[in-house]
Amino acid sequence: MAPTITGLCRRIGWSVLAHVQTWRPYTSCYPALLGLAGTAVAGGAGRADALVVAALAPTLGWLSGHYLGDYFDRNLDAIGKPHRPIPSGRLSTEAALFGGLACAALSAVLVVWANWRIVPLFVVAVAGIVAYSKVFKRRGIAGNVTRGSLTALTLVIGAMVAAAWPPWPLLPVAAGFLLHDTASNLVGTVRDVDGDRAGGYRSVPVRRGVRHAVLLALRLYSGGVALVVLGAVWATTDPAAQLAITAVAAIIGACAFTPLVRAGDVVSARTALRAHELLVAERLVLAAAIIAGAAMAARARNRAARTAVLATHPSADARPPRVPARPCGGREKGPCVTFLRPDQINEAITEGAEALFAAQREDGVFDYGGASLTSTLGTVGAVCALHFADPGGAADLIEAGVGWLKRTQAAEGGWAMVPGEASEAGPTAVASAVLHLADPRGNAAAVESGQEWMREFGGLEAIPHAEVVAWCRQFYGFAGWLDAREMRRFPLELALLPGLYRRLFDLRAPMVSALGLAQTRHKPLTRLQQSLAKLAEPNALAVIRQVYEHEGSTGGWCEDAWVTGLICTGLARAGLGGDMVDGAVGWFRRTAAPDGSWSSGPLDLTWSMYATAGLLEAGYADDPRLAAVKELFLRLQQDQPFTAFGCAPGFWGWSGTRGWPATLETGEILSALNHLPGTDQADAVRRGVTWLTLQQDTRGSWGLCVRNTKVANSGPCPHMTAQAVDGLLDSGVPAEDRRVRRALRWLAKAQKPDGSFESVWYRMHTAGTSAVLQTFAKAGAAEGEPARRARAWLERTRLTDGSWGTGAGEPGTVEETGWAVSALLAAGAEPDSARSGVDWLLAHRLPGGGWPAANVNEYVRHVCRYPNPALAHGLALKALARYRKAVAR
């Protein structure tokens with residue numbers, strides 16, 4: 001018996017060893033590194049699930065390639081490599097075939113789970129593995145290129161594990177690895193030249209000679225490394241780490257190729273083997289360089305974002321200690337908690353409600369326009385557009401706008417999105433540039449003062465938003481401060497792929513289209529770029545016109561002078577869309593304020609939905625004054641598709657009878673309609689639910705208006721996702737519904753390590769964390785781990801005066817305090833635990849019952865902010881009303 005068991009164990013051991021030898025363990029870490037590199041470049045370095053799949057799926061695919069390659073090459077290996085498992089008889093052909101198919105199947109399951117868009121690439125990769133061994137390996141350079149292409153696909157697949165689509169900066173890197181591994185594989189054929197010749201394989205060294213193969217491999221290798229360097233310079237602001245490690249790889253590569261080149265026409269198998277081994281090691285270093293570069297880029301983004309916060313709020317680094325509340329009258333230190341009388345809360349709620357109703361127009365809109373809309377960016381956009389579109393006919397408007405900009409410049413030289421607030425880099429950069437554009441000599445002092453402020457800030461590169469830097473560089477180019485070749489090129493040719501174009505640029509597509517069209521006339525392009533741009537021009541122009549006509553051909557886009565200015569500027573400089581340019585000039589004249597400024601556009605529905613939410617929480621559902629709001633919501637639901645963004649009808653925007661689609665407004669208005677009396681809103685609710693269902697990303701989240709985009713400021717957002725889920729739940733969709741479950745899973749993944757959540761349209765984390773916590777509570781998941789961590793974060797970031805700010809030490813605001821108090825109470829917190837926030841809200845009431853608004857609304861995240869009085873009033877009223885209900889229970 002013992003010999004039998006021993007023999008069985010020996011056979012199993014030999015079989016396992018044969019499989020391990022087939023895997024080539026010394027190469028298996030390479031695909032894992034490639035997958036991780038792709039994921040890192042796509043921004044997935046902080047997601048454990050993405051990293052596991054990115055490493056495991058390519059490795060399994062790699063093992064599948066080894067199994068299938070050995071299966072198909074078994075006859076050739078019997079000549080040149082008889083020691084391998086199949087020719088030596090240690091691994092059966094059936095076992096090799098099964099192993100290859102099993103590994104491929106497991107890899108397929110992982111990539112489908114991560115991102116279904118990878119499937120076509122996965123199919124191409126598997127086909128490439130088979131084609132390499134069955135067809136191309138014996139046909140010279142085609143086989144080498146096929147082998148290199150598999151490496152490039154591995155990088156791209158790794159990126160798509162973390163992102164819907166691979167980021168553009170990955171493309172030169174992928175092309176570089178294609179050339180690199182083509183070269184490495186070509187060196188391998190130099191090593192195997194005798195076996196290939198005996199087996200009838202027409203490899204490059206067999207057909208053209210060893211020296212030709214070596215020199216070709218060297219050229220391919222050099223091109224590959226050059227592309228990796230290009231990718232480093234393109235993708236990162238601080239490429240030093242990636243370039244340093246790439247240099248190490250290049251030195252190893254030089255050590256590999258030097259003996260091959262010196263050997264001339266005859267290279268010994270040992271020399272070729274040693275060179276190939278060095279290249280196998282060198283490619284690991286090169287993959288590590290990509291990971292290092294991505295890590296440094298992520299670090300730079302985080303540091304820039306933190307710098308922006310500290311520049312605006314120097315106290316952000318200092319988190320005050322949490323001081324417990326105390327009863328008034330004692331000698332202890334800390335925030336005072338008194339015993340509120342019911343009439344105090346009732347009085348504040350009644351006065352707050354009447355303050356809201358005082359702002360209501362006859363058509364139902366809660367109107368907080370006027371000075372709150374005055375915008376530096378809007379005025380800059382108008383002056384710039386009129387300068388290019390009608391400098392003579394609009395000279396009076398240009399002069400008035402220039403005068404307003406000079407009058408609103410801060411003493412230290414900067415400008416803010418909202419005049420009178422702390423200066424911001426984005427508005428300062430474009431305002432100084434447009435003043436120079438309009439009158440370099442007459443505005444020289446203001447321009448120099450603005451540029452001095454920018455120099456002290458750190459220049460454009462210190463702005464923590466790459467997109468804003470790109471816009472600012474456009475204006476610097478208009479002013480003649482940058483050569484046209486230095487301005488970022490908008491890839492107009494992508495308009496040939498409308499679906500991809502929408503996902504890449506989202507609501508910016510009309511602006512990108514217009515400025516991209518202008519670049520075809522003013523920026524030096526290659527012949528290929530010119531040809532592609534010419535083909536794409538009708539599509540890009542169609543995007544602009546679709547939005548223009550959807551809004552009724554009023555002359556404006558989004559009722560926003562900044563957006564209209566960018567589009568009009570681009571069209572005027574391109575000499576295209578003359579009717580739209582003329583319409584925009586007329587629109588600017590009609591919308592100019594008497595003081596020479598322009599606005600960022602009304603927010604009729606946004607104002608009204610937040611005011612209504614507060615009033616509904618306060619018990620005003622049956623108030624006849626809300627009937628007009630209900631009619632407003634029903635009237636402004638869109639019944640036409642927004643084709644430029646690929647949106648079906650059924651949505652609400654932030655303003656206008658034909659406004660741009662918005663998930664946040666659609667979700668909030670759905671919730672409001674479901675809490676208003678009557679049944680006539682049933683069809684509108686049904687259509688709104690359908691729209692939200694169609695807009696949900698494949699990952700379970702929601703963005704602003706384009707499905708499956710990841711664009712900053714409008715891509716997947718926890719706050720928007722929470723509001724969409726609230727709209728579904730309030731419309732009767734059960735918490736067990738797949739749409740809700742997928743969203744909650746995504747939210748749990750999106751939670752930050754400290755328990756907070758982001759919000760792309762409101763500053764920092766209090767807004768997003770509060771919104772998500774309320775959604776978890778509404779879905780019956782208040783006791784789950786994500787909700788508990790969110791609640792703990794809110795409790796931990798309360799300030800000593802009882803209020804909430806951003807969570808990073810800044811002073812409290814009405815908006816963030818209202819959000820936090822409402823969220824904690826919704827999640828089941830005792831009224832006493834929210835009491836200090838309620839006291840703070842009561843203490844900060846304005847005469848007449850309202851509350852002061854703060855700059856918590858993000859026009860461009862981390863760059864430009866503005867106040868929304870309706871948001872402040874509505875959130876404060878909602879928090880007080882929710883507290884009153886909690887006490888009554």
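**Exercise 1. Decide how enclosed helix α19 is, and check its length.**

Helix α19 is largely enclosed by the rest of the structure, because 12 of its 13 residues are buried. Buried means under 20% relative accessible area, exposed means over 50%, and partly exposed lies in between (1.4 Å probe, protein chains only). The model is predicted: local features need pLDDT of at least 70, side-chain atom pairs count only at pLDDT 80 or more, and totals for chains, interfaces and linings use all residues. Residues are numbered from 1 along each chain as its sequence is written, and side-chain values use heavy atoms, with hydrogens and water left out.

Step 1. Locate the helix: α19 covers residues 466-478. Helices are DSSP runs (H or I, at least four residues), numbered from the N terminus.

Step 2. List buried residues. Among them are Trp471, Cys472, Arg473 and Phe475.

Step 3. Check the length. The first and last C-alpha atoms of α19 are 19 Å apart, close to the 18 Å expected at 1.5 Å a residue. The expected span is 1.5 Å times one less than the number of residues.

**Exercise 2. Repeat the check for helix α29.**

Step 1. α29 spans residues 718-730, and its end C-alpha atoms lie 18 Å apart, which agrees with the 18 Å its 13 residues should span.

**Exercise 3. Classify the packing of α33 and α35.**

Step 1. Get the geometry. α33 (residues 814-826) packs on α35 (residues 869-888) at about 30 degrees, with axes 8 Å apart. Axes are lines fitted to C-alpha atoms, for helices over the stretch in contact, and angles run from 0 to 180 degrees between N-to-C directions.

Step 2. Assign the class. α33 and α35 are therefore roughly parallel. Under 35 degrees counts as roughly parallel, over 145 as roughly antiparallel, 65 to 115 as roughly perpendicular, and the rest as oblique.

Step 3. The crossing of α33 past α35 is left-handed: the near helix is turned anticlockwise from the far one by less than a right angle.

Step 4. Find the contact (heavy atoms within 4.5 Å). Residues making it include Trp819 and Leu825 of α33 and Leu875 and Tyr883 of α35.

Step 5. Count classes. The contact of α33 with α35 has 12 nonpolar, 2 polar and 3 charged residues. Nonpolar covers Ala, Val, Leu, Ile, Met, Phe, Trp, Tyr, Cys and Pro; charged covers Asp, Glu, Lys and Arg; the others, Gly among them, are polar.

Technical notes: Helices (H or I, at least four residues) and strands (E, at least two) are DSSP runs, numbered from the N terminus.
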